Structures are given as structure tokens and as C-alpha cells.
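The following paragraphs go through a structure, beginning with the ligand and moving on to the pockets. Please keep the sequence and the model in view while reading.

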Amino acid sequence: MIDDPTLKMQFLFSLRKAGIVDKQVLNAMERVDRKNFVNRVFSEKAYDDTPLPIACGQTISQPTIVGIMTQALQVKPRDKVLEVGTGSGYQAAILSLLARRVYTVERHSLLVHNATQIFKRLDISNITTILSDGGYGLEQQAPFDRIIVTAASDDPPSSLLSQLKVGGIMIIPVGQSDNIQNLIKIAKTDKGYEYQDLQPVRFVPLVAGTEKEQ
Ligand code: SAH
């Protein structure tokens, strides 16, 4: 929970202004304190609407983008969700309040380690964090009701499309990393896939393989 009432009000105001109106999403974002997920050096910027650097040259996304993606995902309480790109763990922590179970995969072992520690400290018990190349999804837990990808790829990876349930939704930024990317929403129906453009975004690229660090 964000302690300072003024900061909390400003934070929630910026989310509403960006079009986040879903009460459950706003409530979850109020309950998960972003300060827990940013480096202490940036504590003062924790509630600013800006991405911030985390370990391994990666970034924690900007809160309004997290809100827009979470809202577009339309998570239901019984859902099993896959997140590709754990990063700081912030997005996963928000999803953990909305879904039954969250699987989050990350290619940097240090980020997996850090996020796991934070989830433990915050007593979040329905997130499983896994070191793997999320481009292949997570076959052993598939299919998923919802999939959220927080790194950009040229096209939605076919493994992810196939691991989505019929009736499921996937949110993913697509496009080259140095160009404008588009956030898209993919709904899987019994007739195929429906694609919807949401808005331009900028994410770090989805990179193949995994990295082990000390
Ligand atoms: N959702 C995060 C922000 C993600 S930044 C948060 O809430 O903080 C994108 C993350 O995707 C980075 O940590 C990066 O290492 C990871 N990533 C990139 N390619 C990946 C891949 N193929 N598999 C898993 N994770 C990947």
C-alpha cells in the first residue's frame, strides 16, 4: 500500500487520466506499492509516471502502461495468467491480486531471484517465477486464460498463440525495438484470432535464450 496520501492521490489521478477506469485494476494498483520494485536510488520517483532502470539493463514499465495493459487483459478471478518478462515483478504482483495464479517467466536469473525475494517478502503466494525463454511460453502449464508479454517482438510468437485458451486474451507489444511499437490485443475464438491495435508503446525487446548471472 502507498503510505503517503498525497502521493497516492496523485498516482491514482494519473492512472485515471490515462483512461484506467476499471475499479479492480485501480484497486490492485493502489495496493501494490511500486516502491518495493524500484531500486532504492529511485525511491523518490517510484510513483512518477515514468519507466525506471532495474538490474540487467532492463526497465520497470511506466505505471500508466501497466494499468492500460492490465485493464485490456480483462483478468477474471479464476484465471491462470502467463506473463513473459518478469523484470522487477511489479506487473506480476498486480496480476496476482486479480487472478487465481500467475506464472511469470524471465530470461535473467538475477531478476528471477530478485522478484522471487520481493514476492516472498510481500507474502504473495500465487506467483511462480521461472527462468526461461518466454518466447516459447510455458508448455507445462498451458493453456492459459490470459497472456501478457512485456517485451516487444516483431510478431506474436506462435507458441504463445497456441498456449492461449479459446476465449483467452493476449496483450503484447509488437514491432522493432528501435521503432514505434504497437500494443495489440489478441482474442482467441473458436474461429481463430482477432487482433486489435491499442496504442503506440516502447518496450525493451524480447530476446531469445536465457542469461545466468552471479
Ligand atoms: N513486467 C516488468 C517489466 C518488463 S521489462 C515489470 O513489471 O517490471 C521486460 C523484461 O522482459 C526484461 O526483464 C527482459 O529481461 C525480459 N525478457 C526479454 N526477452 C525475454 C524472453 N525471451 N523470455 C523471458 N523474458 C524476457
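**Ligand, pockets and one histidine**

In this predicted model, the ligand is surrounded by 27 residues, of which Ser88, Glu106, Asp133, Gly134 and Val207 are the closest.

Some of the surroundings can be described atom by atom. Ser88 has an N or O atom in its side chain that lies 2.6 Å from an oxygen atom of the ligand. The side chain of Glu83 likewise places an N or O atom 3.0 Å from a nitrogen atom of the ligand. With Arg107 the backbone is involved: one of its N or O atoms is 3.3 Å from a nitrogen atom of the ligand. On its own the ligand has 580 Å² of accessible area, and the protein covers 99% of this.

The side chain of Arg107 makes a polar contact with the side chain of His108, at 3.5 Å. His108 sits in the loop that runs between strand E4 (101-106) and helix H5 (109-121). Is His108 buried or exposed? The relative accessible area of His108 is 8%, so His108 counts as buried, the cut-off being under 20%.

The largest pocket holds about 570 Å³ of space. Its lining consists of 35 residues, and Thr59, Thr150, Ala151, Phe203 and Val204 are the closest to the centre. Several elements each supply at least two residues of this lining, namely strand E2 (59-60), helix H3 (63-73), strand E3 (80-84), helix H4 (90-98) and E4. Sorted by class, the lining of the largest pocket contains 14 nonpolar residues, 16 polar residues and five charged residues.

The second largest pocket has a volume of about 400 Å³. Which residues lie nearest the centre of the second largest pocket? They are Asn36, Phe37, Val38, Asn39 and Arg40, out of 17 residues that line this pocket. Helix H5 gives the most to the lining of the second largest pocket, with five residues. By class, the lining of the second largest pocket comprises eight nonpolar, six polar and three charged residues.

Conventions:
Residues numbered from 1 in each chain as written. Predicted model: local features only at pLDDT ≥ 70, side-chain atom pairs only at ≥ 80, totals over all residues. Heavy atoms only, no water. Helix = DSSP H or I, 4+ residues; strand = E, 2+ residues; numbered from the N terminus. Buried < 20%, exposed > 50% of the residue type's maximum accessible area, 1.4 Å probe, protein only. Polar contact = N/O pair within 3.5 Å; in protein donor to acceptor, adjacent residues only side chain to side chain. 1 Å grid on protein atoms, 1.4 Å probe; cavity = no way out; pocket = protein on both sides within 12 Å on 5 of 7 lines; lining within 4 Å. Points joined across faces, edges and corners; volume = space filled by probe spheres on them. Nonpolar A, V, L, I, M, F, W, Y, C, P; charged D, E, K, R; others polar. Near = heavy atom within 4 Å. Areas by Shrake-Rupley, 256 points an atom, 1.4 Å probe, with all protein chains shown as cover.
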